[in-house]
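Me: I would like to learn how to read rings and pockets in a protein model. Can you take me through one?

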Amino acid sequence: MATFDKPKVELHVHLDGAIRLETILDVAKKRGIKLEADTLQDLMQLCTVYEPATLTEFLSKFNHYMHVIAGNREAIKRVAYEFVETKAKEGVIYVEVRYSPHFLANSSVDPIPWNQKEGDLTPDEVVSLVNQGLSDGEKAFNIKVRSILCCMRHMPNWSMDVVELCKKYSSEGVVAIDLAGDESLNCVAYPGHRMAYEEAVKSGIHRTVHAGEVGPPSVVKEAVEVLKAERIGHGYHTIEDQELYKQLLEENMHFEVCPISSKLTGACNPDFTKHPVIRFKEDQANYSLNTDDPLIFNSTLDTDYMTAEKYMGFTEEEFKRININSAKSSFLPEKEKKDLLNHLFEAYGMMVNTSF
């Protein structure tokens with residue numbers, strides 16, 4: 001039985017890091033793409049990080065399979081649909097899934113990613129296809145799914161495009177903008193991101209930022225002060241700046257925590273008993289537990305929950321608290337947020353709290 005077998009909310013998971021190995025093999029076969037591995041076992045060896053590595057090493061794993069899915073309409077819709085099925089099986093009732101539309105396109109994107117030949121699939125159409133796949137999955141598996149579009153730190157020229165897509169598809173399930181990638185590339189040197197986030201603020205688009213994962217607290221500070229982030233992706237290194245950490249605790253800033261991921265990307269001490277999330281827990285901070293890239297970590301949401309219980313002293317009460325906080329910190333409109341919270345309160349046997 002799962003560690004916590006009640007309904008869950010997940011806020012930080014990458015679509016392109018949550019693809020099924022079987023699907024990669026199948027699509028490669030259909031498209032006549034030769035992979036470096038032709039069995040499930042070999043492909044898993046190729047795509048999985050088993051031991052603590054570096055973020056660079058982790059990111060290199062995408063090169064083994066992204067060219068199979070990118071640029072293919074049927075495959076993109078399929079992975080979105082299958083993602084919803086997987087999450088429903090994990091007991092998730094609401095999930096926000098993120099991805100870079102440009103990384104799945106092969107047209108109107110410079111440079112064209114994954115050594116693809118130029119085709120006719122634009123980032124705009126990618127968003128439309130993902131939306132269709134997610135929406136079909138919602139109906140089939142009775143869970144609620146929304147999406148977040150990622151800007152990439154090393155590609156500031158894509159960022160204005162990303163915020164425009166957030167605006168265009170806001171009524172079709174896109175709820176926020178994100179910034180992912182190498183944290184050493186700051187927004188002073190790359191003003192494209194800042195401009196995109198200013199536009200997001202102006203247009204009422206919600207904002208989250210990967211910060212303080214492997215980077216120092218200054219990256220978190222920039223995310224909050226310059227980009228006006230409402231949530232922080234990871235944020236582990238925030239605790240190294242006590243003043244900043246205290247300020248964010250007071251502001252009830254939400255940290256999207258990914259335990260398994262943080263060990264295998266080298267973001268945190270590999271000893272889970274020394275993980276920053278223990279500090280978050282002790283301080284009753286506002287945070288969630290998430291998978292990040294389950295394909296590459298060969299994990300599920302249950303793995304993260306079991307890790308938190310086994311090594312970090314998590315109790316059922318804390319799991320309930322963080323899922324309620326996750327629902328409160330979700331990017332849903334207020335009415336839907338209220339419905340989600342009521343669903344959780346009921347499932348957890350708690351009194352409905354009307355004060356949020």
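This is a predicted model: local features need pLDDT of at least 70, side-chain atom pairs count only at pLDDT 80 or more; totals for chains, interfaces and linings use all residues.

Me: What volume does the second largest pocket have, and which residues are closest to its centre?

Reply: Its volume is about 360 Å³. The lining of this pocket has 17 residues, and Ile19, Arg20, Pro294, Leu295 and Ser299 are the closest to the centre. Helices H1 (21-31), H2 (40-47), H5 (73-89) and H13 (294-297) each give two or more residues to that lining.

Me: How is such empty space found?

Reply: A probe the size of a water molecule is rolled over the atoms, and this shows where empty space is left.

Me: What about the largest pocket? Which residues lie nearest its centre?

Reply: The largest pocket has a volume of about 700 Å³. Its lining counts 30 residues, with Leu59, Phe103, Met152, His154 and Gly181 nearest the centre. By class, 16 are nonpolar, nine polar and five charged.

Me: Which element gives the most to the lining of the largest pocket?

Reply: Helix H3 does, with five residues. Helix H3 covers 55-60, and strand S3 (144-152) also supplies at least two.

Me: Now the rings. How many aromatic pairs does the structure hold?

Reply: There are 16 aromatic pairs. Take tyrosine 245 and phenylalanine 280: their centres are 6.0 Å apart, with 25° between the planes, and the pair is stacked. Planes under 30 degrees apart count as stacked.

Me: Why does the pair of tyrosine 245 and phenylalanine 280 tie together parts that are apart in sequence?

Reply: Tyrosine 245 is in helix H10 (residues 242-250) and phenylalanine 280 is in helix H12 (residues 276-282), so the pair joins parts 35 residues apart in sequence. Both residues are buried.

Me: Which pair is tilted?

Reply: Look at tyrosine 305 and phenylalanine 319. Their ring centres are 4.8 Å apart and their planes meet at 40°, so this pair is tilted. Tyrosine 305 belongs to helix H14 (residues 301-312) and phenylalanine 319 to helix H15 (residues 316-328), 14 residues apart.

Me: Are these two buried or exposed?

Reply: Tyrosine 305 has 1% relative accessibility, so it counts as buried. Phenylalanine 319 is buried too, with a relative accessible area of 1%.

Me: Which residues do ring pairs link into a cluster?

Reply: The cluster consists of Phe4, Tyr245, Phe255, Phe280, Tyr287, Tyr305, Phe314, Phe319 and Tyr348.

Me: And what lies over the face of phenylalanine 314?

Reply: Lysine 281 does, 5.6 Å from the ring centre. Likewise, arginine 231 lies over the face of phenylalanine 331, at 3.8 Å from the ring centre.

How values were computed:
Residues are numbered from 1 along each chain as its sequence is written. Side-chain values use heavy atoms; hydrogens and water are left out. Rings of Phe, Tyr and Trp (its six-membered ring) pair if their centres lie within 6.5 Å; planes under 30 degrees apart count as stacked, over 60 as edge-to-face and the rest as tilted. Helices (H or I, at least four residues) and strands (E, at least two) are DSSP runs, numbered from the N terminus. Buried means under 20% relative accessible area, exposed over 50%, partly exposed in between (1.4 Å probe, protein chains only). A charge sits over a ring if NZ of Lys or CZ of Arg is within 6 Å of the ring centre and within 35 degrees of the ring normal. On a 1 Å grid over the protein atoms alone, a cavity is a set of points where a 1.4 Å probe fits but cannot get out, and a pocket is an open set with protein on both sides within 12 Å along at least five of seven lines; lining residues have an atom within 4 Å of a point. Grid points are joined across faces, edges and corners, and a volume is the space filled by probe spheres set on the points. Ala, Val, Leu, Ile, Met, Phe, Trp, Tyr, Cys and Pro count as nonpolar, Asp, Glu, Lys and Arg as charged, and the others, Gly among them, as polar.
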